[in-house]
Number of protein chains: 2
Amino acid sequence: MQFELSNEFIQELKALISNQEDEKILKILEDLHPADIASIYNELDIDEARYTYLLLKPSIASDVLVELEDDDRVRFLNVIPSELIAHQFIENMDSDDAADIMQSLNDDKRDDILGFIKDSEQASDIVDLLNFDEDTAGGLMAKELIAINENLTVKDALSAIRDQAQDMDEIYYLYVVDDDNKLKGIVSLKNLLFKPTTTKIIDLIEDDIISVRTDTDSEEVAQIMEKYDLVALPVVDHINRLAGRITIDDVVDVIREEAEKDYQLVSGITHDVEPTDKVWLQVKSRIPWLLIGLMGGIFGALVIGYFEGDLIKYAGIALFLPLIAAMGGNAGVQSSSIIVQGIAGGNMNLKNTGKRLVKEFLVGSLNGLICATLIFAYNLLFSDTFALAISVSSALMIVIVFATMFGAFVPIILHKLKIDPALATGPFITTANDIIGLLIYLSIARVFFNMMF
Amino acid sequence: MQFELSNEFIQELKALISNQEDEKILKILEDLHPADIASIYNELDIDEARYTYLLLKPSIASDVLVELEDDDRVRFLNVIPSELIAHQFIENMDSDDAADIMQSLNDDKRDDILGFIKDSEQASDIVDLLNFDEDTAGGLMAKELIAINENLTVKDALSAIRDQAQDMDEIYYLYVVDDDNKLKGIVSLKNLLFKPTTTKIIDLIEDDIISVRTDTDSEEVAQIMEKYDLVALPVVDHINRLAGRITIDDVVDVIREEAEKDYQLVSGITHDVEPTDKVWLQVKSRIPWLLIGLMGGIFGALVIGYFEGDLIKYAGIALFLPLIAAMGGNAGVQSSSIIVQGIAGGNMNLKNTGKRLVKEFLVGSLNGLICATLIFAYNLLFSDTFALAISVSSALMIVIVFATMFGAFVPIILHKLKIDPALATGPFITTANDIIGLLIYLSIARVFFNMMF
């Protein structure tokens with residue numbers, strides 16, 4: 001049932017390819033799911049992959065193409081003639097998959113392939129879809145859907161469905177439209193199936209449906225489908241004409257990507273990288289945060305340098321520099337992450353922002369009090385200077401409250417400015433809190449030490 | 001179409017409730033989607049919520065119950081008589097939703113409600129489902145599905161479907177079983193619909209299907225459904241008998257929750273909290289990391305204390321303490337997050353672990369080299385001691401390489417020990433890297449300063 005990719009399997013396949021045992025290769029591959037065939041191609045050379053790929057039946061080959069990773073696919077398509085791509089693969093695909101694939105190619109290759117597509121309706125569907133921003137409902141939707149006129153009878157509708165259903169894998173809903181192609185509602189296939197054949201569609205219609213517009217943001221689409229547990233969602237244009245439909249599998253990708261992006265931002269990674277990516281890509285995605293951290297560290301050094309006189313007099317102050325910096329960073333990351341998740345989940349609005357900030361203040365104060373008390377007790381027991389004990393604990397209290405508030409505040413501001421609030425969770429908050437934490441700690445230490453010595 | 005919750009709306013509703021204008025309340029609520037009604041209940045007092053809830057039609061009321069947040073639901077169900085819950089709400093639900101709801105209640109309330117369920121088959125379905133671990137396919141699946149015997153004709157199958165489909169909202173697939181209820185394959189409703197009525201089901205069967213076992217981990221279920229773009233997945237027991245089916249909307253929740261959990265771990269939050277949660281819950285979920293950070297800071301202070309003699313002689317060393325600690329933490333969080341995502345995405349296996357670690361070494365070395373060169377240049381320009389420049393930059397190089405490797409290594413080890421590798425991304429790696437970074441830096445500084453002065 002499920003396929004496990006093994007080293008032995010790949011070796012065997014490579015041997016078959018070098019001996020050109022086409023029949024055996026086909027026998028192995030055609031038993032597999034397209035997603036599994038795609039995963040094999042990650043392990044083969046480009047020539048081996050192309051060789052086996054051209055053996056596949058067009059309908060399977062086009063499914064495999066959809067499953068390949070973006071980078072692999074581009075590399076792959078560049079070694080296959082455009083005419084073959086158009087006739088064998090693109091023509092077997094749903095319009096949304098075809099448009100996604102065309103999107104990733106350069107303009108020349110794309111125009112080349114479009115020119116070879118025989119079915120002019122399909123070509124025009126793809127061109128239409130290419131116009132939409134990928135991050136909108138228009139960019140997610142497919143043109144393949146079953147639309148029936150509200151004035152048909154069940155009998156006529158069934159034969160209309162039969163015609164339209166030819167090249168669709170699944171029927172989720174049947175969309176009902178009026179004569180102007182405006183969306184009126186849906187009918188379920190189950191409902192249609194068990195009603196007298198003379199019933200009018202207009203009498204079976206469920207008109208209380210949810211739709212989105214072509215320019216609805218894809219994250220909003222995901223939120224709507226999740227909230228209302230939908231498997232498919234109709235997309236309409238500005239005057240409510242049915243333009244396409246989005247299915248849940250496309251939205252699962254949006255949800256996954258969104259979650260990964262936020263995760264990477266909070267981890268300080270700027271690009272979407274995977275452990276399999278090249279060293280250089282990995283460096284490129286990680287060095288920006290490290291450089292921001294480095295800058296922050298240099299600013300920190302300047303702050304400490306400004307207080308160097310105190311440090312020379314009272315070396316004990318230096319002991320807690322990393323503690324204060326780290327705690328500010330930690331508290332800020334926590335509150336910013338919670339606010340960012342709240343915003344992403346849609347349960348932050350302008351009205352309750354003030355309430356949230358008050359709550360963050362309380363949470364920060366309690367956390368600060370707990371940590372300050374503990375470090376105060378530690379220093380009373382193990383440190384010889386009371387000035388240090390009082391400086392560290394009062395600074396820690398203030399730093400935690402400040403960092404918590406700052407961490408909550410920044411994503412709220414970014415969100416109001418229509419900037420992705422997740423940007424605030426990583427480098428910016430941590431680094432800013434590190435520096436400000438040092439400033440607070442050293443200022444307080446100066447006061448207490450000068451008072452007591 | 002879509003509902004926007006506003007303050008005015010809530011005020012108006014509260015006024016209607018206090019005036020007991022039942023008809024008006026019903027008119028407003030019954031136009032809304034159950035998910036929207038649930039979102040209103042977050043804004044009402046428990047008494048107001050109960051009042052309006054008991055006005056709803058049972059079928060709507062049960063959908064609303066499914067949509068409520070876990071905590072709200074428990075609070076809510078505790079103020080409604082068990083008999084009413086059983087008859088009006090649970091009996092209108094799919095078995096998986098009913099089991100999820102029962103799971104969240106205490107044993108007494110649960111047994112109480114189960115005792116009131118009239119339909120003994122439904123009660124036994126729920127009890128069956130309660131036996132499965134929530135994090136397995138058994139915990140996700142519903143018992144409601146359409147199973148048809150392979151020996152039926154299309155005509156008989158259609159009437160069997162008609163009987164079984166009564167209380168199902170959607171039909172995704174029709175599952176074909178043999179006389180022992182063992183899963184043989186699927187038939188699509190579309191396929192059945194357009195075939196002669198005398199065709200045997202066994203001739204229409206698609207037997208190349210993917211299924212999971214009741215004990216398959218829910219994350220694996222999500223990976224399979226995502227990889228193969230499935231909207232529904234059959235679940236079988238140990239001898240391949242059809243036990244239930246999982247639909248994509250349940251899996252979307254798994255994906256979302258998994259992503260949120262990893263996000264929270266890397267942000268240092270231990271429980272699933274939202275900005276709306278109570279202050280005390282928020283403190284409880286954040287204080288553990290802060291305490292680990294505090295412990296780390298104290299260890300850091302001990303390390304610095306051990307080198308206090310050097311710091312008193314060469315106060316300049318103190319300037320870069322926070323920088324070194326922060327950079328170690330940052331580099332470690334980055335590599336651990338990438339490895340954790342790789343493991344979650346299923347593209348890490350035992351065979352390529354060595355390769356990944358070599359790659360992390362190269363990435364760490366390059367990042368270390370870049371950062372070390374920059375800080376060396378900075379110190380040459382702005383600092384007066386060459387010993388400091390050479391100490392900071394060589395320590396930074398070593399710390400970044402070490403932290404990167406350490407960050408990659410720990411989740412791999414945890415994964416091998418069958419512990420969630422995401423646990424490694426937050427407190428543990430950062431704090432360990434902070435301390436080890438300080439130790440490396442101060443040791444190197446001691447050597448260079450003693451050599452040069």
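Colleague: What is the accessible surface of chain A, and what share belongs to carbon and sulfur atoms?
Modeller: The surface comes to about 19,700 Å², and 54% of that area belongs to carbon and sulfur atoms. Areas follow the Shrake-Rupley method with a 1.4 Å probe, and for residues only the protein chains shown count as cover. This is a predicted model, in which local features need pLDDT of at least 70 and side-chain atom pairs count only at pLDDT 80 or more, while totals for chains, interfaces and linings use all residues. Residues are numbered from 1 along each chain as its sequence is written, chains are lettered from A and ligands numbered from 1 in the order in which they are written, and side-chain values use heavy atoms, with hydrogens and water left out.

Colleague: Why is V401(B) called buried?
Modeller: Buried means under 20% relative accessible area, exposed means over 50%, and partly exposed is in between (1.4 Å probe, protein chains only). V401(B) has 14%, so V401(B) is buried. V401(B) sits in helix 20 (residues 386-416) of chain B; helices are DSSP runs of H or I with at least four residues, strands are runs of E with at least two, and both are numbered from the N terminus. Its contacts, leaving aside neighbours within four places in sequence, are F361(B), G364(B) and S365(B), where contact means heavy atoms within 4.5 Å.

Colleague: What makes L321(B) count as buried?
Modeller: Its relative accessibility is 0%, and therefore L321(B) counts as buried. L321(B) lies in helix 18 (residues 321-344) of chain B. Residues up to four places away not counted, L321(B) touches A318(A), L321(A) and P322(A), along with I304(B), L438(B), Y441(B) and L442(B). L321(B) and L442(B) are 121 residues apart along the chain, with 8.6 Å between their C-alpha atoms.

Colleague: Why does Q103(B) count as partly exposed?
Modeller: Q103(B) has 30% relative accessibility, so it counts as partly exposed. Q103(B) belongs to helix 8 (residues 95-104) of chain B. Beyond its neighbours within four places in sequence, Q103(B) is in contact with R110(B), L130(B) and E134(B). The C-alpha distance from Q103(B) to E134(B) is 9.0 Å, at 31 residues apart in sequence.

Colleague: Why is N92(A) counted as partly exposed?
Modeller: With 40% relative accessibility, N92(A) counts as partly exposed. N92(A) is in the loop between helix 7 (82-89) and helix 8 (95-104) of chain A. Not counting residues up to four places away in sequence, N92(A) touches P58(A), S59(A) and S62(A).

Colleague: What sets N181(A) and N240(A) apart in terms of phi?
Modeller: Most residues other than glycine have a negative phi. N181(A) is not glycine, yet its phi is positive, near 65 degrees. N240(A), also not a glycine, has a positive phi of about 65 degrees. N181(A) is in the loop between strand 2 (174-177) and strand 3 (183-187) of chain A. N240(A) is in the loop between strand 5 (232-236) and strand 6 (242-247) of chain A.

Colleague: Why are N181(A) and N240(A) called partly exposed?
Modeller: N181(A) has a relative accessible area of 32% and is therefore partly exposed. N240(A) has 29%, so N240(A) is partly exposed as well.

Colleague: How does the radius of gyration of chain A compare with that of a compact globule of 453 residues?
Modeller: Such a globule would have a radius near 22 Å, but chain A has 30 Å. The radius is taken over C-alpha atoms, and the globule rule is 2.2 Å times the number of residues to the power 0.38. The C-alpha trace of chain A spans about 95 × 65 × 40 Å along its principal axes.

Colleague: What share of the residues in chain A is buried, and how many helices and strands are there?
Modeller: Buried residues make up 56% of the 453 residues in chain A. Chain A has 23 helices and six strands. Of its contacts with a separation of 6 or more, 66% come from residues 24 or more positions apart.

Colleague: Which domains is chain A divided into?
Modeller: Chain A is divided into domain 1 (7-132), domain 2 (146-246) and domain 3 (279-452), with bounds from an automatic or database domain assignment. The C-alpha centres of domain 1 and domain 2 of chain A are 31 Å apart.
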